[in-house]
Amino acid sequence: MKYRGDWIGGRFRVPQGAVKVHISLDPGDLSSAVGEVLFSTESVPLAVAAAKKAYPAWAAKTLKQRSL
């Protein structure tokens, strides 16, 4: 799968810095990789700011609205 960036604030944002790879291993066979997770720590401040901005509207919704 092609890395499209981090989903932040309703859209993909491609980090300008280095993208790192975390290899997920099969817990039953640690010699077997089951996937890769691409990430960039430079996206964390943007993600936190977007979450703080979105929280009031999300918190005002009912449980049913949140589950849709």
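**Aromatic pairs and strand pairing in the predicted model**

Tyr55 and Trp58 both lie in helix H1 (residues 44-59), 3 residues apart, about one turn of the helix. Helices (H or I, at least four residues) and strands (E, at least two) are DSSP runs, numbered from the N terminus. The model is predicted: local features need pLDDT of at least 70, side-chain atom pairs count only at pLDDT 80 or more, and totals for chains, interfaces and linings use all residues. Residues are numbered from 1 along each chain as its sequence is written, and side-chain values use heavy atoms, with hydrogens and water left out.

A search of the whole structure gives 2 aromatic pairs. Rings of Phe, Tyr and Trp (its six-membered ring) pair if their centres lie within 6.5 Å; planes under 30 degrees apart count as stacked, over 60 as edge-to-face and the rest as tilted. Trp7 and Phe12 form an edge-to-face pair, at 4.9 Å centre to centre and 75° between the planes. The pair of Tyr55 and Trp58 is tilted, because the ring centres are 5.8 Å apart and the planes stand at 40°.

Accessibility was assigned for the residues of these pairs as follows. Buried means under 20% relative accessible area, exposed over 50%, and partly exposed in between (1.4 Å probe, protein chains only). Trp7 is exposed, at 55%. Phe12 is partly exposed, at 34%. Trp58 is partly exposed too, at 42%. Arg66 lies over the face of Trp58, at 4.0 Å from the ring centre. Such a charge sits over a ring if NZ of Lys or CZ of Arg is within 6 Å of the ring centre and within 35 degrees of the ring normal.

Strand S3 (residues 20-26) and S4 run antiparallel and are joined by 7 bridges. Two strands pair if DSSP finds at least two bridges between them. S3 and S4 form a hairpin, with 2 residues between them. Lys20 has Phe39 as its bridge partner in S4.

Ser43 is found in the loop between strand S4 (29-39) and H1. Ser43 is buried, with a relative accessibility of 7%. Leaving aside neighbours within four places in sequence, Ser43 is in contact (heavy atoms within 4.5 Å) with Asp6, Ile8 and Pro15.

Tyr3 lies in the segment before strand S1 (6-8). Tyr3 is partly exposed, at 22% relative accessibility. Not counting residues up to four places away in sequence, Tyr3 touches Pro15, Val19 and Leu38. The C-alpha atoms of Tyr3 and Val14 are separated by 8.5 Å, with the two residues 11 apart along the chain.
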